[in-house]
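The following note sets out some points on the packing of this chain. Please read it alongside the sequence and the coordinates.

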Amino acid sequence: MRRERVVQALPQIMTLEEDRVAAYAGLPHEILHTDSLMEDAAETPVCTSRVRIGDAIAGDPASLPLAEAPFVVAAGNGVHDFTTFGEVVRALRATPGASRVVCDSGHMPRQTQVGASGTVLDASCYLAMGISGAPQHLQGIGRVETIIAVNTDLHAAMVARASLAIIADAQDVMPALLRLLQQEGESPCA
Ligand SMILES: Cc1cc2nc3c(=O)[nH]c(=O)nc-3n(C[C@H](O)[C@H](O)[C@H](O)COP(=O)(O)OP(=O)(O)OC[C@H]3O[C@@H](n4cnc5c(N)ncnc54)[C@H](O)[C@@H]3O)c2cc1C
């Protein structure tokens, strides 16, 4: 005769049965096709009586979902200076990523994990700092066009996969990169 009550967090997707909410009673709105307006908007902002299309505002790369990020800079076990790593990510206007080892150690949040048991990227550029290129990690970057590896091991799998490899200590490369960016005065990806 025991009665149990299970308390759960609210689900992320909720469906409503018909007639469970009151019908919309606000001002009626008209749905317009905006395809032609969007083409014009590339040149000059368009303003019609009902629709105004202004400039596109770029999203904050730091908070982009990893799967949608065009440029990811990731840290592996070869990165020890995570303060400088964070500065490099911001200076390059990239989205941060990490290997599983780094997420396991708590240096980076779990949602930054790239790979088979993390996120599969759709980025066009991936900068891998101190990442060996284990098969489970490489599964996450199979679709990436350009990979740049920073690694002390010339024979690392990530170096073999990369279009450009820098064989050096990541702790030396990161501040050097920051200095270059400061000299140029702008991010190459801005
Ligand atoms: C079921 C399963 C699922 C997994 N899923 C994932 C996953 O989704 N994602 C993932 O990443 N891993 C995953 N792994 C773990 C994976 O097998 C590797 O253990 C992990 O990717 C290794 O991370 P790493 O390359 O950062 O570290 P390491 O293997 O320790 O490699 C560190 C690299 O940094 C280099 N290095 C060292 N010092 C420096 C330095 N000072 N400067 C520059 N380079 C340096 C080294 O030469 C080496 O290449 C999974 C494993 C299993 C079993």
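1. Beyond its neighbours within four places in sequence, Asn151 is in contact with Gly130, Ile131, Ser132, Ala156, Val159, Ile166, Ile167 and Ala168. The model under review is a predicted one.

2. Asn151 lies in strand β6. Its relative accessibility is 9%, so Asn151 counts as buried, the cut-off being under 20%. The side chain of Asn151 comes to 2.9 Å from the backbone nitrogen of Asp153.

3. Helix α2 spans residues 82–91, and its buried residues are Phe82, Thr84, Phe85, Gly86, Val88 and Val89. These buried positions pack against strands β3 (71–75), β4 (95–98) and β5 (125–129), and against helices α3 (100–104) and α6 (170–184).

4. At the start of the helix, a side-chain oxygen of Asp81 lies within 3.3 Å of the backbone nitrogen of Thr83. After α2 comes Arg93, which has a positive phi, near 50°.

5. The largest nonpolar core comprises 24 residues, and Val73, Val79, Phe85, Leu92, Leu127 and Met129 have the most contacts inside it. At least two residues of this core come from each of β3, α2, α3, β5, β6 (146–151) and α6. Helix α6 provides the largest share, five residues.

Methods. Residues numbered from 1 in each chain as written. Predicted model: local features only at pLDDT ≥ 70, side-chain atom pairs only at ≥ 80, totals over all residues. Heavy atoms only, no water. Buried < 20%, exposed > 50% of the residue type's maximum accessible area, 1.4 Å probe, protein only. Helix = DSSP H or I, 4+ residues; strand = E, 2+ residues; numbered from the N terminus. Contact = heavy atoms within 4.5 Å. Polar contact = N/O pair within 3.5 Å; in protein donor to acceptor, adjacent residues only side chain to side chain. Core = buried A, V, L, I, M, F, W, Y, C linked by side-chain atoms within 4.5 Å.
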